[in-house]
Amino acid sequence: MLRFLFPLLLSLAALTAAEPRPLIIAHRGASGYLPEHTLAAKALAYGQGADYLEQDVVLSKDGVPVIFHDTHIDTTTDVAKKFPGHQRADGRFYALDFTVAELKQLNVTERFNPKTGKAAFPRRFPVGVGSFSVVTLEEEIQFIQQLNRSTGRSVGIYPELKAPAWHHKEGRDLAGTVLPILRRYGYDAKDAACFVQCFELAEIKRLRGELAWKGKLIMLLGGKGQGPGDTDFTYLQTDAGLADLAKLVDGIGPPISSVVTGKSPAERKVTDLAARAHKVGLASHPYTLRADELPKCVTSVDELLRVLFDEAKVDGLFTDFPDLCKR
Ligand code: CA
């Protein structure tokens, strides 16, 4: 009897241990409602049922991984007011030019255009309102792991290595600094709740080679054309390119516009990208569902979800609005 029961129990255990599909990935937190990459936005996304919370990672002057979407920090903080004169020749303020102690003096705010002061998304949280701090990668990991302990859930992290080639040019090693931290918190394994993502193929290769990363990896794709360095997004989306990627990564992160196209619902077409990726064993996690910036080929969030989940059969989705996707 046990001989028959045991495999059944094993497969049941595997089923319950398996991750939900499709995965809801909170893009910069619940950034549709609160300033991106604040712990408040991450807590809200956690409460809204996201399966993974995204971190964009850059380095500070003293070599600490900090959570910012861009290498420059003047679109989401009051750095121009607090540190006048600390900009580079291009007029921008960079995380890399400030220590963590200095970054901690900044107030994080809703994304705005530093030239006009206007909000990037006018219907979202108001610019300049609230009191939010810059977060280090390690603080955010501790925050999520503590929430997992207190709720019994196992929400994952989804760190993106931002502009590694630019960091190298500045004499810094972003991946070489981030990976030891991820290892220390138990994320360097295929079954760990962590996807590391990057737009740069050379760095993805380095992660799997020189840096011996064993955890899950996602190659981000920036539509068609030439990407950073030797990254050729057009080639990577061919069958041969996807087969090459399958030797390196666990999935691709294409823009939604590479998965579903059309200038109107009548002209809507689901491309074969996700299906071809599946054929070589790659998951697809497209970016980014925004309720206030829907593609022209759909008229509602629900319509887009139906197309992506039921027709394109994607395995995960980046969204600024986790609640609307998790329903
Ligand atoms: Ca990102």
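The protein exposes about 14,600 Å², and carbon and sulfur atoms supply 58% of that area; accessible areas come from the Shrake-Rupley method with a 1.4 Å probe, and for residues only the protein chains shown count as cover. Please note that this is a predicted model, in which local features need pLDDT of at least 70 and side-chain atom pairs count only at pLDDT 80 or more, while totals for chains, interfaces and linings use all residues. Residues are numbered from 1 along each chain as its sequence is written, and side-chain values use heavy atoms, with hydrogens and water left out.

Of the 327 residues, 51% are buried, where buried means under 20% relative accessible area, exposed over 50%, and partly exposed in between. The radius of gyration, taken over C-alpha atoms, is judged by a globule rule of 2.2 Å times the number of residues to the power 0.38. Because a compact globule with 327 residues would have a value near 20 Å, the 20 Å of the protein agrees.

I turn now to secondary structure. The protein contains 13 helices and 11 strands; helices (H or I, at least four residues) and strands (E, at least two) are DSSP runs, numbered from the N terminus.

How do the residues of strand 1 point? Leu23 and Ile25 point one way and Ile24 and Ala26 the other, and all are buried. Two strands pair if DSSP finds at least two bridges between them. Strand 1 pairs in the parallel sense with strand 11 (residues 316–319) over four bridges, and Leu23 has Gly316 as its bridge partner there. Strand 1 also pairs in the parallel sense with strand 2 (residues 52–59), over two bridges; in strand 2, Tyr52 is the bridge partner of Ile25.

Helix 12 (residues 301–311) also involves strand 1. Its buried residues, among them Val301, Leu304, Leu308 and Phe309, pack against strand 1, strand 8, strand 9, strand 11 and helix 13. A contact here means heavy atoms within 4.5 Å. Just after helix 12, Lys313 takes a positive phi of about 55°.

Is Ala95 buried or exposed? Ala95 counts as buried because its relative accessibility is 0%. Not counting residues up to four places away in sequence, Ala95 touches residues including Val58, Leu59, Phe68, Ile73 and Leu103. The C-alpha atoms of Ala95 and Tyr158, 63 residues apart along the chain, are separated by 20 Å.

Technical notes: Buried means under 20% relative accessible area, exposed over 50%, partly exposed in between (1.4 Å probe, protein chains only).
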